[in-house]
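Here is a short briefing to keep beside the structure while you look around.

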Amino acid sequence: MRFDLKRSLFVSLAALGFIAVAGTVNAQTASAKTYAHVISNEKMTTLPQNRNVNFTGSNALYNKAGTLKGARVVASRTTLNKIKNSQSSTNNVRAYQVAVTNRGSVYYKVVTYDGAYRGWIYGGKSVASIAGGVTQYTTFKNQGLSTLTAAQQSATYKIANPGTANNGTTVTYKQPAWTQYKVGRAITDSTPYASTIFKIDQVGTRTRENDQWVHIYDVNNANSPANGWILMSGLTQAQAPVADNAIQINLVDPSNNSTIVKSVTITRSGATKGTNFGYYSNGGWTISQSDLASIQNQIRAALSGTNYSLDSLTTAQIAQIAQTNFGSSTNLVANKIANIADNAVRINLVKPDGTILKYTDWSKSGVAKGSNVGLSASGNTLWSLYSGDQSSMESQINSALSGTNFQLNTKKLSKIYDF
């Protein structure tokens with residue numbers, strides 16, 4: 001019995017020793033890390049615009065495929081997330097090379113447009129579609145001419161500030177700036193084209209900035225080197241020459257003085273080019289009352305049917321017109337009119353001289369567009385307002401007139417008919 005016990009104990013210890021040795025051998029084998037290796041590495045041949053990508057932020061950027069020996073981080077996921085959400089097109093990204101490892105992982109070599117970051121990033125398990133740390137990205141949305149008004153489409157333009165600045169508004173570009181990798185300016189100096197007349201044939205917005213770019217072409221030279229893309233804000237509408245005995249008043253958009261809504265021409269028989277339209281009196285420039293009335297009527301007529309108004313001229317605007325020389329033009333800012341809601345009626349508050357002081361929109365819940373504001377007795381041509389509505393209107397109008405030195409003529413309320 002003693003012999004068997006010792007023998008059993010020895011065998012058990014020997015077995016334990018074997019297990020311990022085996023465990024040591026296995027541990028040494030596992031510590032020798034195995035790395036992936038590249039089995040293909042090719043330049044991408046798809047269309048350049050189809051290789052514009054953006055980071056997803058799910059993977060970092062490496063100096064080589066991330067599972068290769070010696071791979072190190074070039075840009076962290078935090079950095080790539082910032083680039084992903086950037087509002088500058090200089091942070092657009094182009095993929096140009098693709099590699100596949102023996103483990104079936106796809107890696108793309110990419111570069112930011114400004115060249116600040118270049119490296120390899122995980123791109124999924126198939127070269128048929130971009131995935132993983134990058135996703136396909138549209139850098140520019142071409143909208144044809146759909147976002148321009150009919151007037152803008154038919155208008156002619158000049159470059160507002162000709163020169164050499166590379167700022168999107170001074171020279172033209174082969175593609176909107178920073179929307180295609182290494183595709184730059186069409187011209188580097190627009191000074192020789194200061195008098196060139198252009199038209200717009202395409203329009204779109206950059207994805208990151210959401211700014212409006214237009215493609216322009218020389219109406220007299222289809223092959224002009226200046227034909228290209230420019231920011232809409234870099235253009236001004238071209239004008240026909242103003243007659244020697246006339247001034248032209250351009251009514252411009254309040255947010256962009258390069259956008260002319262309408263123009264009116266004021267002619268004076270016998271006037272001499274270069275002389276002032278108005279005159280200097282009592283320390284300020286002004287014009288005659290008859291000229292003022294005529295100009296305001298022409299402006300109102302020109303803006304009728306648009307989303308703009310300029311029913312009365314300020315003292316500063318009158319002085320501006322007065323100092324305008326015959327044979328030239330001047331710009332006046334028109335007021336953008338808000339749309340009238342379907343359940344509202346716009347009440348224009350008119351001064352005794354016929355000019356509009358201001359307006360107020362009175363609304364009523366539960367009414368349909370086109371329905372009558374007031375009522376008329378059967379067979380009666382006289383209209384009236386509901387008493388509650390009239391009180392509400394009068395209160396709103398009096399509030400609008402507060403501080404203007406004008407008061408309401410309540411008889412005029414009978415002229416309000418439809419929503």
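Predicted model: local features only at pLDDT ≥ 70, side-chain atom pairs only at ≥ 80, totals over all residues.

The protein chain has six helices and 25 strands, and 36% of its 419 residues are buried.

**Overall make-up**

- Let's start with contacts between residues at least 6 apart in sequence: in the protein chain, 57% of these join residues at least 24 apart.
- For burial, the cut-off is under 20% relative accessible area, and 36% of the residues in the chain fall in that class.

**Aromatic pairs**

- How many aromatic pairs does a search of the whole structure find? The search gives six, and two of them are described here.
- One of the pairs is Y107 with Y122, in an edge-to-face arrangement, with 5.7 Å from centre to centre and 70 degrees between the planes.
- This pair links distant parts of the chain, since Y107 sits in strand 6 (residues 106-112) and Y122 in strand 7 (residues 118-122), 15 residues apart.
- Y107 has a relative accessible area of 6%, so it counts as buried.
- Y122, at 23%, is partly exposed, because buried requires a value under 20%.
- Y113 and Y181 make another pair, this one tilted, with centres 5.5 Å apart and planes at 45 degrees.
- Why does this second pair tie together separate parts of the sequence? Y113 is in the loop between strand 6 and strand 7, while Y181 is in the loop between strand 10 (157-159) and strand 11 (198-206), so the pair joins parts 68 residues apart in sequence.
- Y113 and Y181 are both buried.

**A charge over a ring**

- If you turn to F277, you will find R268 over the face of its ring, at 4.4 Å from the ring centre.

**The second largest pocket**

- The second largest pocket has a volume of about 380 Å³.
- Its lining is made up of 17 residues, and those closest to the pocket centre are T149, Q152, D253, T259 and Y308.
- Which elements give two or more residues to this lining? They are helix 3 (150-154) and strand 16 (256-267).
- Strand 16 supplies the largest share of the lining, with five residues.
- Sorted by class, the lining holds nine polar, five nonpolar and three charged residues.

Technical notes:
Residues numbered from 1 in each chain as written. Heavy atoms only, no water. Phe/Tyr/Trp six-rings, centres within 6.5 Å; stacked < 30°, edge-to-face > 60°. Helix = DSSP H or I, 4+ residues; strand = E, 2+ residues; numbered from the N terminus. Buried < 20%, exposed > 50% of the residue type's maximum accessible area, 1.4 Å probe, protein only. Lys NZ or Arg CZ within 6 Å of the ring centre and 35° of its normal. 1 Å grid on protein atoms, 1.4 Å probe; cavity = no way out; pocket = protein on both sides within 12 Å on 5 of 7 lines; lining within 4 Å. Points joined across faces, edges and corners; volume = space filled by probe spheres on them. Nonpolar A, V, L, I, M, F, W, Y, C, P; charged D, E, K, R; others polar. Contact = heavy atoms within 4.5 Å.
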